[in-house]
Amino acid sequence: MTTAAPVTKMSSSAADVGGGSGGDSAKATDQWVDVNGVATRVLCWGRPIDDRGGLGLKRVILCVCGNPGVTEFYERFLQQIYRALKVPVWIVSHAGHEVPPSNSELKIPDPKQNPDLYTLKGQVEHKMRFIEKYVPDNCDLYLVGHSIGSKIISELLKDKVIAKRLSIKRSIFLFPTLQKMRETPNGRKLIFTASNLLSVTIFLSWIFSLLPSFIKTFLVNVTLIIMERGHVNDYVIRSAVRLVHPMVLRNVFSMAMDEMDKVYDLDSQPLKDNSKRLHMYFGNCDNWCPTSFYDEIRKSVPEVDAVLCDKGYKHAYVIQYSDEMAGIVVDWLKPDLGDCKPQ
């Protein structure tokens, strides 16, 4: 097992993120580490990651983001899961999707010189290296993936080294994007935007990055209130402010366009191989994953536990439905973890 790199902790913020580090605290430890040569943010509820490679860690729930891979979007969702199960819950940012603090020695390598770090394949490798560094041998691993995070997990499930080292008890795919992404309504919109408006978007984000923090927060808050037609939680605002950064947006769009090329044919083998410990939740109004994709998976892998939402939860559930989706995940994990003591 590779020796873990030193952990660089970020100073505590005024929000729930960055507070406690164990016991019954519902606050997260906020850490920055080097993973595969890229500055990477990790939020941990319960036991945090450490430079001993997780020595003594018996079980952990690891969440893999969708795209964009900004960790704070999932703050409320994961906080609720930890409160219910009292098992360590970690989330790792995507490579290049969050900028480290200005006083950090960690860096994001230039995407122009290191493009492979930020592709879909690069993000899979990034998560493999994180697990290799911080999840010890024989640990019970519970994987939760959102959107393209589900595809990343399906690739991790094929890795023989991970399978030999760890016991992957359950995998949960939420609004999974596993096939024909470029043919979906949102896929077509993304291709148009990236082809015609990306340069303007990056330029505007550069201007935005020069503004004082309070103005950034105000502008994002107003925009989200208009888009969501109502109040938006602080963690969503903080996440959106982090997202509107030239380098981050470039990496987000670059990964997204790679997804359009690489995620087409359904790779059903890892689903079949892990069907007894795999749960999937599909939206009934999801423009990234139409209900026809749910139907196809039900036919291809009938033994998998696949559920079609009947409540209208959106693909970007972390904005409005974090509590509801956390409850669904807890129900799937509770048979294994419901009686666990805090770790």
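Two packed helices are described by the angle between their axes and the distance between the axes. In the predicted model, helix 6, formed by residues 198-209, and helix 9, formed by residues 246-262, have axes that come within 8 Å. These axes cross at roughly 150 degrees. Angles over 145 degrees count as roughly antiparallel, and helix 6 and helix 9 are therefore roughly antiparallel to each other. On the side of helix 6, the contact involves L198, T201, I202, S205, W206 and S209. Helix 9 meets these residues with P246, L249, R250 and F253. Sorted by class, the contact between helix 6 and helix 9 comprises 6 nonpolar, 3 polar and 1 charged residues.

Helix 6 and helix 9 also take part in the lining of the largest pocket. The volume of this pocket is about 1,600 Å³. Its lining consists of 44 residues, of which P68, M227, L243, A316 and I319 are the closest to the centre. Two or more lining residues are given by each of helix 5 (185-196), helix 6, helix 7 (213-228), helix 8 (234-243) and helix 9. The largest share of the lining, 6 residues, comes from helix 7. In terms of residue class, the lining of the largest pocket divides into 27 nonpolar, 12 polar and 5 charged residues.

A cis peptide bond joins N67 to P68, with omega at about 15 degrees. P68 belongs to the loop between strand 4 (59-64) and helix 1 (75-85). Most residues other than glycine have a negative phi, and most peptide bonds are trans. Two further residues are to be considered against this background. K86, a residue other than glycine, has a positive phi, near 55 degrees. The position of K86 is in the loop between helix 1 and strand 5 (89-92). N138 is likewise not a glycine, and its phi is positive at about 70 degrees. N138 lies in the loop that runs between helix 2 (120-134) and strand 6 (140-146). With a relative accessible area of 64%, N138 lies over the 50% cut-off and is therefore exposed.

I152 is part of helix 3, which spans residues 148-156. Apart from its neighbours within four places in sequence, I152 is in contact with V64, H94, L120, Q123, V124, K127 and M255. The C-alpha atoms of I152 and T177 are 9.9 Å apart in space, while the two residues are 25 residues apart in sequence.

The largest cavity holds about 40 Å³ of space. K151, S154, L178, L266, D267 and L271 line this cavity. By class, the lining of the largest cavity has 3 nonpolar, 1 polar and 2 charged residues.

Notes
Residues are numbered from 1 along each chain as its sequence is written. This is a predicted model: local features need pLDDT of at least 70, side-chain atom pairs count only at pLDDT 80 or more; totals for chains, interfaces and linings use all residues. Side-chain values use heavy atoms; hydrogens and water are left out. Axes are lines fitted to C-alpha atoms, for helices over the stretch in contact, and angles run from 0 to 180 degrees between N-to-C directions. Helices (H or I, at least four residues) and strands (E, at least two) are DSSP runs, numbered from the N terminus. Angles under 35 degrees count as roughly parallel, over 145 as roughly antiparallel, 65 to 115 as roughly perpendicular and the rest as oblique. Contact means heavy atoms within 4.5 Å. Ala, Val, Leu, Ile, Met, Phe, Trp, Tyr, Cys and Pro count as nonpolar, Asp, Glu, Lys and Arg as charged, and the others, Gly among them, as polar. Buried means under 20% relative accessible area, exposed over 50%, partly exposed in between (1.4 Å probe, protein chains only). On a 1 Å grid over the protein atoms alone, a cavity is a set of points where a 1.4 Å probe fits but cannot get out, and a pocket is an open set with protein on both sides within 12 Å along at least five of seven lines; lining residues have an atom within 4 Å of a point. Grid points are joined across faces, edges and corners, and a volume is the space filled by probe spheres set on the points.
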